[in-house]
Amino acid sequence: MRHSASFAVLILLIMPAIASQKSYRVGRSKTGLGLFATKPIKKGTRIIRYYGPILDSRIPEQDDIENKYLFELNGRWTIDGSVRKNLARYINHSCRPNAESDVRPRERKVFIRAIKNIEPGDEINYDYGTDYFKAYLKPIGCKCPSCETKRKKLRAEARVERAKVKARAERKAQKAGPKAAKKKKLNGHAVGKKNGRARA
Ligand SMILES: [Zn+2]
């Protein structure tokens, strides 16, 4: 009895220490779930390990495993990151990321490391790489913050351009209005100039 009580106390003492070591939490992101910083993370810091059983492509049953959390170490070894314990699987892709994957094929380990100073509340992300991008993101359009911002900017620019074109056309129509009308009366073929059919 005394033993288990002290054990419980020990756990209570250890738990917050473990919890406070973590600099991230799983949270809601724009595209589903994501991993977010809970503390300032300095550039260059290892944030989390991308963890899971190691699959050997030379073993057919292991080579057959298919899910979207597979992290290829090299031609032979792949980490199956679909396990619950692997919180790094929540990290979303970004084309302008604040972290990167530090791949160590010899140790068969992958760490996610900050490449910028990350502030509490920031979503942590890394670039999944060209192959993943082409296979999964390009067909549906990348929804990373950088691409969303780019798209928004392009849409805004297109809106401004359309408004300009419209204003220009209106000004032109206003200016040319009386003249065009006169011209039409003079030669009767003002429209024909444009499509060439009226001459025939
Ligand atoms: Zn993107």
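1. Start with S57. This residue lies in the loop that runs between β4 (54-56) and α2 (60-63). The model is a predicted one, so read every value below as computed from that prediction.

2. A residue needs 20 or more to be called buried, and 12 or fewer to be called exposed.

3. Which residues does S57 meet beyond its sequence neighbours? With those within four places in sequence left aside, S57 contacts D63, G75, R76 and T78. Take R76 from that list. S57 and R76 are 19 residues apart in sequence, yet their C-alpha atoms are 5.1 Å apart in space.

4. Now the sheet next to this loop in sequence. β4 belongs to an open sheet of 3 strands, in the order β4-β6-β5, with antiparallel pairing. β4 and β5 (70-72) are the edge strands, each pairing on one side only. On average, neighbouring strands of this sheet are turned by 35° against each other, direction ignored.

5. Look at one pairing in detail. β4 and β6 (residues 77-80) run antiparallel and are joined by 3 bridges. L55 has T78 in β6 as its bridge partner. In general, strands of a sheet pair through backbone hydrogen bonds, either parallel or antiparallel.

6. Compare a residue elsewhere. I48 sits in strand β3 (residues 46-50). Is I48 buried or exposed? I48 is buried, because 20 other C-beta atoms lie within 10 Å. That count meets the cut-off of 20 or more.

7. What does I48 touch? Not counting residues up to four places away in sequence, I48 touches Y24, L87, A88 and I112. I48 and L87 are 39 residues apart along the chain, and 8.1 Å separates their C-alpha atoms.

8. For the whole picture, the protein chain has 5 helices and 10 strands. Of its 200 residues, 16% count as buried. I48 is one of the buried residues. Among contacts between residues at least 6 apart in sequence, 62% join residues at least 24 apart.

9. Last, confidence. The chain averages a pLDDT of 84, and 78% of the residues score at least 70. Over residues 190-200 the pLDDT is below 50. Beyond near neighbours in sequence, this stretch has 8 contacts in the model.

Terms used:
Residues numbered from 1 in each chain as written. Predicted model: local features only at pLDDT ≥ 70, side-chain atom pairs only at ≥ 80, totals over all residues. Helix = DSSP H or I, 4+ residues; strand = E, 2+ residues; numbered from the N terminus. Contact = placed C-beta atoms within 7 Å. Pairing = 2+ DSSP bridges. Axes fitted to C-alpha atoms, helices over the stretch in contact; angles between N-to-C directions. pLDDT = per-residue confidence, 0-100.
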